[in-house]
Amino acid sequence: MSEKQGPSRGDLIGEAVVLGLIALVVGAYAWDVRSIPQKALNLMVMRPVLILAGILIVVVLGRYIAWPLVKGRVEAAAGPAEGGGALRRAAPMVLVVGMLVLYTAVFTALPFVVTTTLFMAITLVGLGNRSPLVVGSISLATAVGLYVMGERVLGVVLP
Amino acid sequence: MVEALLVLFSPDLMALMVVGLFIGIFAGALPGLQGGSAIALCLPFTLTMSPLQALIFLMSIFAGAGFGGGVTAVLIGIPGSPAAIATVFDGYPMARKGLQARALGIALGASSAGSLLGSILLLIFLFPLSRVALTFGPVELVLTISMGLLVIALVHGKSVPKGLLAGAFGIVLGTVGIAPSGASRAMFGIPYLLDGFPFNATLVGLFAVPSLINMVQIDYIAQGPRQVLSVREIVRGLFVPLRYPFAFLRSALIGVGIGLIPAAGAAVACVVSYNIGRVVSHRGARFGTGEEEGVVCAESADSSSEGGSAATMFALGIPGGSATAVLLGALILQGWVPGPRMVFDHLDVINSVLWGNVLQALMLVPTGLIFSYFAEKTLRIKTRTLVPLLFAIIVFGVYAIRGQIIDVWVMIGFGLVAFMLERRDYPLINVVLGLLLGPLFEAEVIRAVTLYSGRWERVLERPTAIGLVVLLVVIVSLPSLLRRLRSARRAAG
């Protein structure tokens, strides 16, 4: 009979990061509203919701992080080969998100057609598209197409 | 009625319907990109449209996605959306036997007919249902919203505490800004947050961004040897559901019924319908081996559930799934106020939309046929070419609405949070429901307390409220009861 596998260290870190993020948002909300007059209707719903969220954070923390740690059911970290595979799989995602952040950062600083063409071209090449003709035509067509749609059809003022 | 139909036959609405159906089928066929994500992607482009145009366009995407999920389910054995999971069970074995065109035809026929039945039932029952919904007071609305959040936590996620936490997290995010009583909450002095987070940016972030980030991990939508798709076989397959009238009718009605339950959605409908079909049908033993009836059961329930969930969305302002959640967001962007009065406040538009649904179900046959014929080529598009293009479109779309780059940052932030939540099994739909319905939930609770404070026994005079409480108790206790029953049976046998 196979023994039930426990979560890996990576899983626990993932759980902790997500739970930490939720706790941060809920905590920040609770911190900000502490000075609101309590007698009015301001927090009639939100106080119980915040308390419930707090309880659930503790439950999830206990069940998905503390309990496997206490029971010693945490699997060893992935080996170097497996870890390398995970990194290779994550690389395109990191590239896309990084390019998205960069694109947004320079969006209003440069003309729309320039930023969009550059974003498209660099991301397409980064994701493995090697043909300059394909990369160039798709990038330019997307940028010009969106620009024309924005300016002419939707009446949007683009950078 | 004639007026509503005449409006629909205008060239712009017909064009929007065809485009919407194609977008929906294509997006539905992309594993990872569901109907909700496709609607979220197109949401910014509807702002220059009238409410009718926007609704017709987005509902067409919704209808198209219902069938689109089945295309990849049949051809490559990967459901384009969770709602097509049961289509894989028999559709893919049929494709492996060389009957892929026939399986696609059956899926298209069952999907169109299911969608048509769902639309007709919606047309017949929406107004009576809305009249019942009009009698809903704040207590009933609070109970219905709670039911929606609980159903998702119990049915969709792998963990109930995570599902509930996702809902509470959504409510917290949804109530940032000015409270109904006028106090500012969690704004940290940022004027941008005065009206809370913008719907369009949050919805696109929550639905589209994680789907696209996930999609970049696969090279092509479909790989492997080329499959020959004969139009004649697809057309022959279209009529197969007629051979199984009882299976079709049963599945479609199950679909509509489950669609009506707030937040249950198409995925639940198609799995329940398939499993019932397997038990009830005398061909049940052959289900899972490439049985035509199995495809009919799965696809008809999947598509007919759209009618049910649209009814709940229109009548109560509570979405039945991720797609209707984004549709509701689109309505809010158009200035509509979700709730029982919505149907009566926008009667003429709703009337045309209902007839539009019927027309979309009919038009799904030719558009689905064209897509199915070219599916082989379409599904061989490199996803790594598609993803940057779709990212450029969503950044453009979110920026275009208000011309504020901060909206794009909000979209990215919500997208990354959604990506992480999804990876750790927090149901995103619960976050969205909390976000959309949080303010409504709060307003209704305040109304209920103001109305009944100190006189709570008066709630007992409202039979609908009592019925909803009973339903809520059943929903909460049913999973554990079923679990106990199963373990008792296992222990006995």
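Select chain A to begin: its accessible surface comes to about 9200 Å², and 70% of that belongs to carbon and sulfur atoms (Shrake-Rupley method, 1.4 Å probe; for residues, only the protein chains shown count as cover). This is a predicted model, in which local features need pLDDT of at least 70, side-chain atom pairs count only at pLDDT 80 or more, and totals for chains, interfaces and linings use all residues. Residues are numbered from 1 along each chain as its sequence is written, chains are lettered from A and ligands numbered from 1 in the order in which they are written, and side-chain values use heavy atoms, with hydrogens and water left out.

Stay on chain A and switch to a cartoon. Chain A has five helices and zero strands (DSSP runs numbered from the N terminus: H or I of at least four residues for helices, E of at least two for strands). Of its 159 residues, 34% are buried (under 20% relative accessible area; exposed is over 50%, partly exposed in between; 1.4 Å probe, protein chains only).

Next, show chain B beside chain A. The contact (heavy atoms within 4.5 Å) takes 60 residues from chain A and 55 residues from chain B. Together the two chains bury about 5200 Å², 81% of it on carbon and sulfur atoms (buried area is the accessible area, 1.4 Å probe, that two parts lose on being put together, summed over both). On the chain B side, pick B:L165, B:F396 and B:R424, which lose the most area to chain A, together 13% of what that side buries.

Now zoom to A:E15 and B:K162. Their side chains meet in a salt bridge at 2.7 Å, N to O (a side-chain nitrogen of Lys or Arg within 4 Å of a carboxyl oxygen of Asp or Glu). Between chain B and chain A the count is three salt bridges.

B:R243 sits in the loop between α10 (231–238) and α11 (245–260), while B:E292 is in helix α13 (residues 292–316), 49 residues apart. B:R243 is exposed at 55% relative accessible area, and B:E292 is buried at 14%.

One residue on, B:E293 forms a salt bridge with B:R283 at 2.8 Å, N to O. B:E293 lies in helix α13 and B:R283 in the loop between α12 (265–280) and α13, so the pair ties together parts 10 residues apart in sequence. B:E293 is buried at 3% relative accessibility, and B:R283 is partly exposed at 21%.
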